[in-house]
Amino acid sequence: MIKVAPSLLAADFLNLGGEIERVARAGADYLHFDVMDGRFVPNISFGLPVLKAAAKKSLPVDAHLMIVEPEKYIDEFAKAGAKIITVHAEATAHLHRALQQIRAAGCLAGVALNPGTSPECLRYVLGEFDLALVMTVNPGFGGQKMIMPAVEKIAEIRGMLNRARCDAIIEVDGGVNEQTAPMLVERGATMLVAGSALFGAPDAQKFIENVKRCGMKKM
């Protein structure tokens, strides 16, 4: 079953609680929570207090740390209520250690790859992560157009995981909508992050149902 994680960056910031409840009722599985530090990416976004408040709602929080030296903050995000914590392979000098730290904090551990990053780096931490996040846009801004060459990495990662008999989730973030979702699922994605396309849809429930139906067709 394909899982859908609405990106809070695209929500109405004046009504975050209501927006979270709306997508939860519509059938979302996780709340994708983008954390930006103004260094790893140009923008600054949410921090610990907002995540702690969001975690009190009905959706588990998928925290995507677009920050340098994420190991300094992993424990705090876990304490704030994150269920998944994803760090960028490019943002830490000690990826293996960071993933171990996330699991030790009681969370699922994720590795994110920028569009220009080779999936080869995942080979050396197989078994240490629960989720691989393929960025199909450059991180830091919502509403971007999908970078098509990055899409091809999904199938490469799926093959790598299958050969290693690893059941890690493959998550995709960037340009996800009802038109692009089928090709992402076809290549092996099992969790899709949807931002402006979902929050801007006339019917969020129908949007999520259509995206999840891609996985049912594959089966």
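Modeller: Let us begin with the cysteines. The sulfur of Cys-166 lies 14 Å from the closest cysteine sulfur, in Cys-121, which is too far for a bond; a disulfide is a pair of cysteine sulfur atoms within 2.5 Å. The structure holds zero disulfides. Note that this is a predicted model, in which local features need pLDDT of at least 70 and side-chain atom pairs count only at pLDDT 80 or more, while totals for chains, interfaces and linings use all residues. Residues are numbered from 1 along each chain as its sequence is written, and side-chain values use heavy atoms, leaving out hydrogens and water.

Biologist: Is Cys-166 buried or exposed?

Modeller: Buried means under 20% relative accessible area, exposed over 50%, and partly exposed in between (1.4 Å probe, protein chains only). Cys-166, at 15% relative accessibility, counts as buried, and Cys-121, at 25%, counts as partly exposed.

Biologist: Which residues touch the most other members of the largest nonpolar core?

Modeller: In soluble globular proteins, nonpolar side chains tend to be buried together. A nonpolar core is a set of buried Ala, Val, Leu, Ile, Met, Phe, Trp, Tyr and Cys residues joined through side-chain atoms within 4.5 Å. Here the largest has 65 residues, and Ile-85, Leu-99, Phe-129, Leu-184 and Leu-192 touch the most other members. Apart from that core lies another, of ten residues, including Ile-84 and Leu-131.

Biologist: Where is Glu-171 found?

Modeller: Strands are DSSP runs (E, at least two residues), numbered from the N terminus. Glu-171 is found in strand S7, residues 169–173.

Conventions
Helices (H or I, at least four residues) and strands (E, at least two) are DSSP runs, numbered from the N terminus.
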